[in-house]
Amino acid sequence: MMKDYQITIILNSSAGTQWQSDTIFGHLCWQVAYGALGISIDDFLLPFRQGKPPFILSDGFPDNKMPRPLLDLGFKQSESLDDYTAGKKQKKAPYYSLDDFISVCHGEKAVDKPCDDPWEPVLTEHASLNRITNTTGGKDDSRGLYETEAYCLTGNSKLNIYLRCEPDWHDKVVSLLKNVSEIGFGKDKSVGLGAFEVESIEEFERFGRFNNANGFVSLSSMTPAADDPTDARFRLRTKYGKLGEGVFSNPFKKPLLQMEAGAAFKTNNSIKDYYGRIVEGIAPGDDRVVQNCYAYVVPCMIKW
């Protein structure tokens, strides 16, 4: 039986890459490929390819915040400009508090104020060097200047990642994640971005099943399987993924449509521990590469 855990990490620098579940999984895969678990990457990926993943990860969310679930939240008709403004802000809020998220999943109303997005962009100026003149000048007088963008959290710099796993996989996943913390996460980690440390891993029981649950909310970057429910509300993103630094051929993956965290699905059957699938053939020229698009799900009550 799978158990749920809440992993809390502390960001020690800006992040060049968003903390999405499939990207986190990719970092763990590289650690396996480097020999961290003493098994081959093919053996590691086999249960995921077979549709029986031993563990599922969520996206990373700012401390005690959750993505706004795309449920019918029952907003009342506005009777004043203030009511309209407050309702509009709540409809577009990127995050809810953890308590409100659980309340609306149980069919109750949110009571806290919607959470503002704590992520802020950080722009860094760079200058490319002309190897002939040894200056930053260019023909178009742009001086070779360009910017790169990263993200940092305002205030609290903690992230929560939710892990659902078989009992014998808890220690393995935590060990892999701690290995990743020694080298950093995402792009530009060689210049200090993506530095983090694991603060705590605690068993978490607030996402359990309950009576009258007739759907689920995804907490991951998800691509549905053929037999997953189709009555759903979701936001789509196109992901342009890349392979890790250990690849010496084409590093670019094919574009992939994914459902963002917060997608809601209505089911006619009992709710499973996970939905979604592995996406094969994502990297041109290398059939070994896959994209993990399984979804960590939270039971909910859907009224639409």
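Tyr274 counts as buried because its relative accessibility is 19%, where buried means under 20% relative accessible area, exposed over 50% and partly exposed in between (1.4 Å probe, protein chains only). Tyr294, at 5% relative accessibility, also counts as buried. Phe55 and Trp169 are buried as well.

This is a predicted model, in which local features need pLDDT of at least 70 and side-chain atom pairs count only at pLDDT 80 or more, while totals for chains, interfaces and linings use all residues. Residues are numbered from 1 along each chain as its sequence is written, and side-chain values use heavy atoms, with hydrogens and water left out.

A search of the whole structure finds 21 aromatic pairs. Rings of Phe, Tyr and Trp (its six-membered ring) pair if their centres lie within 6.5 Å; planes under 30 degrees apart count as stacked, over 60 as edge-to-face and the rest as tilted. Two of the pairs are tabulated here.

| Pair | Centre to centre | Angle between planes | Class |
|---|---|---|---|
| Phe55 and Trp169 | 5.7 Å | 35 degrees | tilted |
| Tyr274 and Tyr294 | 5.8 Å | 85 degrees | edge-to-face |

The pair of Phe55 and Trp169 links distant parts of the chain, 114 residues apart. Phe55, Trp169, Tyr274 and Tyr294 belong to one aromatic cluster, together with Phe25, Phe44 and Phe48.

Charged side chains also meet rings. A charge sits over a ring if NZ of Lys or CZ of Arg is within 6 Å of the ring centre and within 35 degrees of the ring normal. Lys172 lies over the face of Trp169, 4.5 Å from the ring centre, and the charged end of Arg164 sits over the ring of Tyr296, 4.1 Å from its centre.

Terms used
Helix = DSSP H or I, 4+ residues; strand = E, 2+ residues; numbered from the N terminus.
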